[in-house]
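Dear colleague,

Please find below the sequence and structure that I am handing over to you. My notes on the findings follow directly after them.

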Amino acid sequence: MKETIQTDLNVENQEAATEIVVEKPYTFRKLGAEDVFPMVAIIKKIGIKEFKAFFEGEKLEAIKAAFSGGDGKNNVEQAGISIFLELLDILLSNLPNCENDIFLLLSKTSNLTVEEVRKLDLGAFTEMIFDFFRKDEFKDFIKVVSKLFK
């Protein structure tokens, strides 16, 4: 499947439209109950406990202080960047722990074998992950799971 993405680029102050054609060698099936367990295993390995711990104790108080005034917009921007980078560090540190799980999940939910998923070029693999996250069933799964944490 091919998808055409049109982007606007500002090249030396000249507006130019560029078409990027992304070759998608995969299709996804509808997600179902059999996919819950691999997704939960991946979420756990990504470091959900570390994310939770990040927002407790002193960190939570520092975040609240940064967003409750202080020296205004600059303080909020700095806090936001700091939070993003720390959470990204948790995610990237734990991502290798679930490499095989991710390849297997993408294979089980698509028309590709594990080996075919592993051999995708970087652009197609990244697009495949984003397409998986954009699936309506995945969004529904996250909405239901997030209710448990309220």
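Is Leu85 buried, partly exposed or exposed? Leu85 counts as partly exposed because its relative accessibility is 49%; buried means under 20% relative accessible area, exposed over 50%, and partly exposed in between (1.4 Å probe, protein chains only). Please note that this is a predicted model, in which local features need pLDDT of at least 70 and side-chain atom pairs count only at pLDDT 80 or more, while totals for chains, interfaces and linings use all residues. Residues are numbered from 1 along each chain as its sequence is written, and side-chain values use heavy atoms, with hydrogens and water left out.

Leu85 belongs to helix H4 (residues 73-94); helices (H or I, at least four residues) and strands (E, at least two) are DSSP runs numbered from the N terminus.

I turn next to the nonpolar interior. In general, nonpolar side chains in soluble globular proteins tend to be buried together. A nonpolar core is taken here as a set of buried Ala, Val, Leu, Ile, Met, Phe, Trp, Tyr and Cys residues joined through side-chain atoms within 4.5 Å. The largest such core has 19 residues, and Leu106, Val117, Leu120, Phe125, Met128 and Phe132 have the most contacts inside it. At least two residues of this core come from each of helix H1 (36-46), helix H5 (99-108), helix H7 (122-134) and helix H8 (136-147). A second, separate core of five residues includes Ile63, Ile83, Leu87 and Ile90.

Phe132 touches Phe28, Leu31, Met39, Leu105, Leu106, Thr109 and Phe138, leaving aside its neighbours within four places in sequence; contact means heavy atoms within 4.5 Å.

The aromatic rings deserve a separate paragraph. The structure holds seven aromatic pairs. Rings of Phe, Tyr and Trp (its six-membered ring) pair if their centres lie within 6.5 Å, and planes under 30 degrees apart count as stacked, over 60 as edge-to-face and the rest as tilted. The pair of Phe103 and Phe125 is tilted, because the ring centres are 5.6 Å apart and the planes stand at 50 degrees. Phe103 lies in helix H5 and Phe125 in helix H7, so this pair ties together parts that are 22 residues apart in sequence. Phe103 is buried, at 11% relative accessibility, and Phe125 is buried as well, at 18%. Phe133 and Phe138 form another tilted pair, with 5.2 Å from centre to centre and 40 degrees between the planes. Here Phe133 is partly exposed at 43%, whereas Phe138 is buried at 12%. Ring pairs also link Tyr26, Phe28, Phe132, Phe133, Phe138 and Phe141 into a cluster.

Finally, the charged side chains. A salt bridge is a side-chain nitrogen of Lys or Arg within 4 Å of a carboxyl oxygen of Asp or Glu, and by this rule there are nine salt bridges. One of them joins Lys24 and Asp131 at 2.8 Å, N to O. This pair links distant parts of the chain, 107 residues apart: Lys24 is in the loop between strand E2 (14-23) and H1, and Asp131 is in helix H7. Both Lys24 and Asp131 are buried. Glu127 and Arg134 form a salt bridge whose closest N and O atoms are 3.1 Å apart. Glu127 is buried at 13%, and Arg134 is partly exposed at 44%. Salt bridges with shared partners join Lys24, Glu127, Asp131 and Arg134 into one network.

Yours sincerely
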